[in-house]
Amino acid sequence: MSQRNSYAVGTGLFIVLGFAALAYLATQTTSVANSRQGRSYTVEAHFANIGQLKERAPVKVAGVRVGQVQSIALDPAREAADVKLSIDQRYSKIPVDSVATIYTSGLLGDQYVGIQYGSSAKSVADGGTLALTRPAQQLEEMLGKFFGAGGSADNLGGTYLLKARFTNVGALSAGAPVKMAGVAIGSVQSVQADPVKLDALVTLAIDKKYGQIPDDSAAAVFTSGLIGTQYVAIQPGGSPEPLKDGDEMVLTQSAMQLEDLIGKFLVNGSPGDKKPGEGSSSTPPAGKQ
Amino acid sequence: MTDPVRATPADSALVRVRGLTTVLNGKTIFDALDLDIPRGKITAIMGPSGTGKTTLLKHITGQMRGDAGEVWVDGQNVPALSREKLFELRERIGYLFQNSALLTDFDVFENVAFPLRQHADLPEVLVRNLVLMKLQAVGLRGAAALMPSELSGGMARRVALARAIVFDPMLILYDEPFVGLDPIALNQVLRLIRTLNETLGITSVLVAHELEAIKQVADHIYLIANGKVVAQGDPKTIADDGSPWTRQFFGGEIDGPVPFQYPAGDLAQSLGFVRGQV
Amino acid sequence: MNAQPRHNVVANALAQIGACGLFLLTILAAVPRSFRHGRETVRQLWFVGAMSLTIIMVCGLFVGMVLGLQLYYVLSIFGGTAASGTVVAIAIYRELGPVVTALLFAGRAGTSVTAEIGLMRATDQIAAMEMMAVDPIAYVAAPRFLAGLIAMPLLCCVFCALGIFGGHLVGVTWLGIDNGTFWSNMTATVDVWKDVVNGVLYKSLAFGAVVSLIAVYQGYTTPPTSEGVAYATTRTVVASSIAILALDFVLTAFLM
């Protein structure tokens, strides 16, 4: 019966379409797409610190994927991570003085191994070792100075006022905490624009307990966390004279543009963005033996 | 298709109902009902609306089970049968539903072929021949490709009849086969019932109200009321027994053993009058 | 049918769930017998699966497009539009794909199954099958249940694929996110087992079973009258939607 057959054919088409969609989802949009590769060869690299690097993480040259991390093992003798990189046969001409670095893709992204080509005419052989490496850059360490701990001061029983001028307060608003050494010691009482000097005048209410702040201390507008609120941090100076109620802090540092700072750091896929030689010469390769 | 071993020709009754008692929602439908349906005859079951004539058919086919009593069909007690045995029995019973109950997904041909496809793994050629023969018998071979929605009530009933007889059953149960048919369609169905009975010797049970139609085909009539058989006999003599039931039913009188008024309290009381006060 | 007093809503709901569970056992017991009616299952697969394809594809495309658009605006605040491929894929695979597909499936296929079975009962077709010695559970209920069970994951895969396509269309083709970034971020983060198998397949299988069960059960147990069928159709959508979302929470808690 043709009626029966048309159902069967239509249903068959539907099932095929469904499975094709599944195959597409599974192979083209997931990490399976990355694990497929042709013939490859292995190169070893030793890192002092691999951060969050995982197996099957990509290996990139100039931002282009050339292979993946095959295995990660701790080398007990050297207290270093022994990372095996499986690299596509097509990119077998990696100079022996190339530098392997662990990068982070994006702010919150996974880590990967970037290889910057050296200038040597000799290539690393299959199973060979890349001698020059740089460990995972600890984004946290770098940003850590920059971020304070959480918490705010609510002990405003007895306070005294300090003034500070900033060329840019970013998103700082009244009520934001004032911290010293990461601990809240007061709060921002007001943020006003000065119509004459054309800068921002910030009044800080500091707890009387902390009455011995040196008068050469610096005030800076910081951000807590990556996307957190801003606060004022006070970095104590060395002067024997303390700041008194109503004093103005002379040394200030305006809101740092987090974006600017991180911008240099975020490679967004490409170690090639860095100026050649900048990495290996400024910081000695930690994994160098 | 009748199993020669199980069908004992000595037993003249194909269906024997003994002491059937059924209570539905507190209402007694059958009260120790006894009834025999003779082999090879057309038996009509009549009675006022709501006396459970359709329910009786459902008891015969095992769709419903009574609270007490036995229903013997071809030597098997239906209420005691397992589901498998019951299904085996049903394959030998044709049932014509009041609203035909054709499967709306299939065309006429596939509807008639449905029991064949479900129960017999026959070659397509044979299925085709069998179905077309049955459709020819009800005069609808030309309508084989129509869908049920395209059929008139009379045609649908004839298709359902063709489906009911496709396995050449030993017993056909007709539930209100004449309802909603114009006189032409009614006579067509009437003739089919008689022809099937005469040519194939199929025992037929007919539940209907149409007195004139039944007088033309039935060999035996049961009149059921209040859960019992109140009268029985052949069409010519049944009306003559003089009981109030037959007088009211066959005479079509408004009041009698079947009251015009549904049982209710005192009218005056319902209306709020108190006796003795105006 | 509705003999229980209306005031006890909880007991009523529990009774419904219990009856539904027993009905599931009945269907499962009939599944081996329903293999004899394999053609019927294929036919139902056509009706509940292939016929739902259009609505699933169109909705999948739009869900992906909306997601692409919203993510672009939100992520561009943090300069993170590169992550939109990842977020589109994960949101669709883990939640939107299975849940929206199941809701659409309940509205499109579930209601038609309920109405069809309800009408089959109202017009004595079920009784006629009984009389023709055909088990209606094996012939009517089980094939529709199986068809729903098979169709849901397939529909969900199609929905997800179209969703990714929609997200790509808006994000990459219209709003100019880099094509390579879109895909590489997606493939770097999305995991076959955690996202595609756990999210798309397991969830949609569970939803398919629940929606088909509810649809068949409502159709099978409704009073065989026209208002009974209408009421059962509504109840299929309501009960399915609640069951899908509640089950989604449970599955997410256990699978992820």
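Which residue in β12(A) is the bridge partner of Y160(A)? Start with the ground rules. This is a predicted model, in which local features need pLDDT of at least 70, side-chain atom pairs count only at pLDDT 80 or more, and totals for chains, interfaces and linings use all residues. Residues are numbered from 1 along each chain as its sequence is written, while chains are lettered from A and ligands numbered from 1 in the order in which they are written.

Begin with chain A. Chain A has five helices and 16 strands. Here helices (H or I, at least four residues) and strands (E, at least two) are DSSP runs, numbered from the N terminus. Strand β9 of chain A covers residues 159-166, and eight bridges join it to β12(A), residues 200-207. The two run antiparallel. The partner of Y160(A) in β12(A) is I206(A). Strand β9(A) also has two bridges to β15(A), residues 248-249, and that pair runs parallel. There, K163(A) is partnered by E248(A).

Now find the open sheet of eight strands in chain A. Its order is β7-β1-β4-β3-β2-β6-β5-β8, with mixed pairing. Two strands pair if DSSP finds at least two bridges between them. β7 (129-130) and β8 (132-134) of chain A each have a single partner strand, so one side of each is left without a neighbour in the sheet. Three bridges tie β8(A) to β5(A), residues 99-104, in a parallel run.

How much of chain A is buried? Of its 289 residues, 30% count as buried. A residue is buried if 20 or more other C-beta atoms lie within 10 Å of its own, exposed if 12 or fewer, and partly exposed in between; C-beta atoms are placed from the backbone.

Move to chain B and its helix α5, residues 153-164. This helix has twelve residues and reaches 16 Å from its first C-alpha to its last, close to the 16 Å expected at 1.5 Å a residue. The expected span is 1.5 Å times one less than the number of residues. Ten of the twelve residues of α5(B) are buried, so the helix is largely enclosed by the rest of the structure. Among them are M155(B), R158(B) and L161(B). The buried residues pack against β6 (93-96), α3 (108-119), α4 (124-137), β7 (171-175) and α6 (183-200) of chain B.

Next come the places where chains touch. Two residues are in contact if their C-beta atoms, placed from the backbone, lie within 7 Å.

Finally, look inside. A nonpolar core is a set of buried Ala, Val, Leu, Ile, Met, Phe, Trp, Tyr and Cys residues joined through C-beta atoms within 7 Å. The largest has 153 residues, and those with the most contacts inside it include L173(B) and C160(C). α6(C) gives the most to this core, with 23 residues. Apart from it lies another core, of 26 residues, including A57(A) and A100(A).
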